[in-house]
Number of protein chains: 2
Amino acid sequence: MTDDAVPSSPARPQARSPRGFIDRRARDLAAERKILSAVAEVYERHGFEALDTGAFEYADALGKFLPDADRPNEGVFALQDDDDQWMALRYDLTAPLARFAAQNWESLPKPFRRYAFGPVWRNEKPGPGRYREFWQCDADTVGSARPEADAEIIAMAVAGLEAAGLPAGSAVVKINNRKLLNGLMSAAGVASEAQKLTVLRAVDKLDRLGPDGVRLLLGEGRKDESGDFTKGAGLSAAAAERVLAFTAAGAGDRSATLSALANVVGGSAEGDEGLAELAAIDAALSGLGVGPDRAAFDPAVVRGLEYYTGAVFEAELLLQTTDERGQPMRFGSIGGGGRYDDLVARFTGERTPATGFSFGVTRLAAALKAAGRDLAADARGPVVVLVLDQARMADYMAVAGELRAAGIAAEVYLGTSGMRPQMKYADRRLSPVAVIIGGDEFAAGTVTLKDLDLGRELAAGVTDNAAWRAERPGQLTAPRAELVAAVRRIVDAQAGGGAA
Amino acid sequence: MTDDAVPSSPARPQARSPRGFIDRRARDLAAERKILSAVAEVYERHGFEALDTGAFEYADALGKFLPDADRPNEGVFALQDDDDQWMALRYDLTAPLARFAAQNWESLPKPFRRYAFGPVWRNEKPGPGRYREFWQCDADTVGSARPEADAEIIAMAVAGLEAAGLPAGSAVVKINNRKLLNGLMSAAGVASEAQKLTVLRAVDKLDRLGPDGVRLLLGEGRKDESGDFTKGAGLSAAAAERVLAFTAAGAGDRSATLSALANVVGGSAEGDEGLAELAAIDAALSGLGVGPDRAAFDPAVVRGLEYYTGAVFEAELLLQTTDERGQPMRFGSIGGGGRYDDLVARFTGERTPATGFSFGVTRLAAALKAAGRDLAADARGPVVVLVLDQARMADYMAVAGELRAAGIAAEVYLGTSGMRPQMKYADRRLSPVAVIIGGDEFAAGTVTLKDLDLGRELAAGVTDNAAWRAERPGQLTAPRAELVAAVRRIVDAQAGGGAA
């Protein structure tokens, strides 16, 4: 604000949504709702039941985000209740599930399968495309240590993504196992947690730096183009090759990958355990008809969250998409998950095996849009009944009511403007048809219908003048008694001549 | 905690949801989702578009709940953002709409019709059935001063409640107009706001005290059974009769009520305006085919919220329902709304007419349940495939996959228990059928199917032993290739013999 600016009246607040929070309009919501209903149906068909926990959890139940006196809001939106207990808005759907499972363990069928979707909140710095509130959709099985529980989650994730609209083969779930990584670390002589993290960070850069760059980072270190030096993990050359062989074992089908991995990490107790789990996952996935084109083993998958204890999965979009400027881009991860056997034990003290998959609903909607599968592209406005005679409002209402009763979305124009602004309004609403009933029509017992798509198509050059005149007259007058049938004929013609 | 109690380890948090927040399981969620999808379809058919605003609003945008230094959480859940601005979780869906409309007014089609549903939060003392988070569903028209906009909202509310499952005629929307109340006040010589409030409070007690009790409260005052004296509004006897005549004008159809009201409040400018609006609402409702059995004028309706400026509505459940103890009870209001022309002006300074209707989703679900319309009563668990041979997991997974591909919900038992606990698990999941494949079945290429409903019916005495043996064998063995057809036959028989 400059010195000259007049400050706005303190009594009149500014209309703006808080930083990092957005309003979602009909088109985006329609796409997200279609995703959620398709995925929910798939998940329920797999025996997963819906659960909705409240927005708040006690901060101690959320785990790692324990509030401290200085920064109670670190990472989460937290506030202190009347009774002085700290509550925080959930930052994901897994922590509330762990709390719910621990709270109700005695009465739940075991294993307990549930899915959930809804907003989660992160008190982070907002940025472009980076919000402080976004929707997630999770499915988890609590109480089964079987690798088949992981396989079921993976197969279901694949089925869910396809039901949501991703073409078969356009996404792949890549699977790894933390136990293999641990086996690799002991085989490579990695001793400390710090060294382990440096190794994992190096592996995570494989896509960007290639094997040669990663080899340097696994050894003494690497100098980049700008001359900056990154200290390496300090592995011996043999150990570094072992790690690289591990990450390269992902080529080929699942059993080929298993054999290659056995050569690298077989023999260590944890490595063998991980291999046995992956073999069982492979068999179950095959039983479920999920081939390596939809679910593959990839030893290079490293998921960040500390709490994973076994299998980890990452769903990746393979489709080439384009960014806002039309440049080709790799969309990357659209979801992930894995086995976390220790989360419920935080409450109960008893280890409770659990596994799950989570995806970002808004992110999947964006992926579908980028993949040319805009689920809401067919969103249409209602038929608009124009108001030409104020004394006939009840008649106009009756016309709209008749259309609705026939299942056609309709509304009466309820502003105060004349004919032209009303037509403009109908156009802006993406209305298919305007219903016009003036003095002539009332006298003759007719209705005039205007095909608004036609005007839009002509304006966009999709349809030429000569072609449509033969097929679609643009405007027609029908007996009042044939209103519904006449509107339906126009809407069908717009949809390409299909029957109602 | 007594002195003897061992304090729980500080490292192990207690698993409990915060006070006033609940977990909702599959059955309740299914009922609420059915309501919302039925209502959303009706609202969209009326030309209302979906909108979802974020959970937070800036506290100043929320209006009357401005935080003060001492009690920043009064009534709402509020917290201070990094940049020191106060944010609060929305306490309803109207305040965010007013903010959204003000923020986007230039680019919106006008009038702007939107519906919304989602959780709202109130930082109040929780109690039985009284939560701090609950779901609302709203529809509003912003930018139309026409009474027909009110009528459309009312007709749509009626249609929405019926689509949600309320039998036609089991609910009525009662309509009044603030302008009539104001006209009545001036006709009755009410001068101050305080006196007006005392009159309204007296009218609001009509149901409980009857006309004689209210007459006392309108005059000098009333002594109740316990001897406590409530000071009255101090109206003259004639003025009190006028108020009582006003409240009694609701008997009969809408035009009869209008005539009766004209006798009481006609002549005052505001009264005449209110009467004209109600007459237009009546005509529009009639055009929409909504008779007085579904939408009636009732001058006794007094809605609490300060911000209403014209028509007010209250949806009331007429069905006799029973409480938890089986006692008959009046369910009462299940939603309401009205015209509020000043909310958007808070931001823009320009009066923007608006009208809307809101209902509590959880409350409507409870009403439907009380009315014997439990939408989730048919909730069923998945078919459970038992695991008798650990080496055959992939085969069991394939069986479940085959059922799912045929649209039948199914799961493989993924625990580690034996046959009997597995059957118990399936029963607890409300599973219709257990699929049993052991050594014999694998050898013979068959599957054994157990009708679990039958066991439940026998246990409940619904079906007798002799009757079902002829029709439903309880357990049968079918060729593996006929798995899907055989499961379907049992499920169809359970549903009463209908075709799949």
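Okay, housekeeping. Residues count from 1 along each chain as its sequence is written, and chains are lettered from A, with ligands numbered from 1, in the order in which they are written. Because the model is predicted, local features need pLDDT of at least 70 and side-chain atom pairs count only at pLDDT 80 or more, while totals for chains, interfaces and linings use all residues.

Let's start with chain A. The domain assignment, which is automatic or from a database, gives domain 1 as 26-55 + 90-189 + 235-370 and domain 2 as 383-494. Their C-alpha centres lie 50 Å apart.

Now look at helix α6 of chain A, residues 193-204. Helices here are DSSP runs of H or I with at least four residues, strands are runs of E with at least two, and both are numbered from the N terminus. Which residues of α6(A) are buried? They are A:Thr198, A:Val199, A:Ala202 and A:Val203. Buried means 20 or more other C-beta atoms within 10 Å of the residue's own, exposed means 12 or fewer, and partly exposed is in between, with C-beta atoms placed from the backbone. The four cover an arc of only 135 degrees around the axis, so they sit on the same side of α6(A); that arc is taken from the directions from the helix axis to the C-beta atoms. Here's the general idea: an α-helix has 3.6 residues a turn, so residues three or four places apart point the same way. Turned away from the buried side, you'll find the exposed A:Glu193, A:Ala194 and A:Leu197. And the cover over the buried residues of α6(A) includes α5 (178-187), α7 (206-218) and α8 (237-247) of chain A.

Next, where the chains meet. Contact means C-beta atoms, placed from the backbone, within 7 Å. By that rule, 76 residues of chain A are in contact with 75 residues of chain B. Helix α13 of chain A, residues 393-405, gives the largest share of chain A's side, with 7 residues.

Last stop: B:Asp52, in the loop between β1 (49-50) and β2 (56-58) of chain B. Is B:Asp52 buried or exposed? Buried, because 22 other C-beta atoms lie within 10 Å. Leaving aside neighbours within four places in sequence, B:Asp52 is in contact with A:Arg24, A:Leu29, B:Ala116 and B:Gly118. B:Ser186, by contrast, is 134 residues from B:Asp52 in sequence and 42 Å away in space, C-alpha to C-alpha.

Key: The expected span of a helix is 1.5 Å times one less than its number of residues. Two residues are in contact if their C-beta atoms, placed from the backbone, lie within 7 Å.
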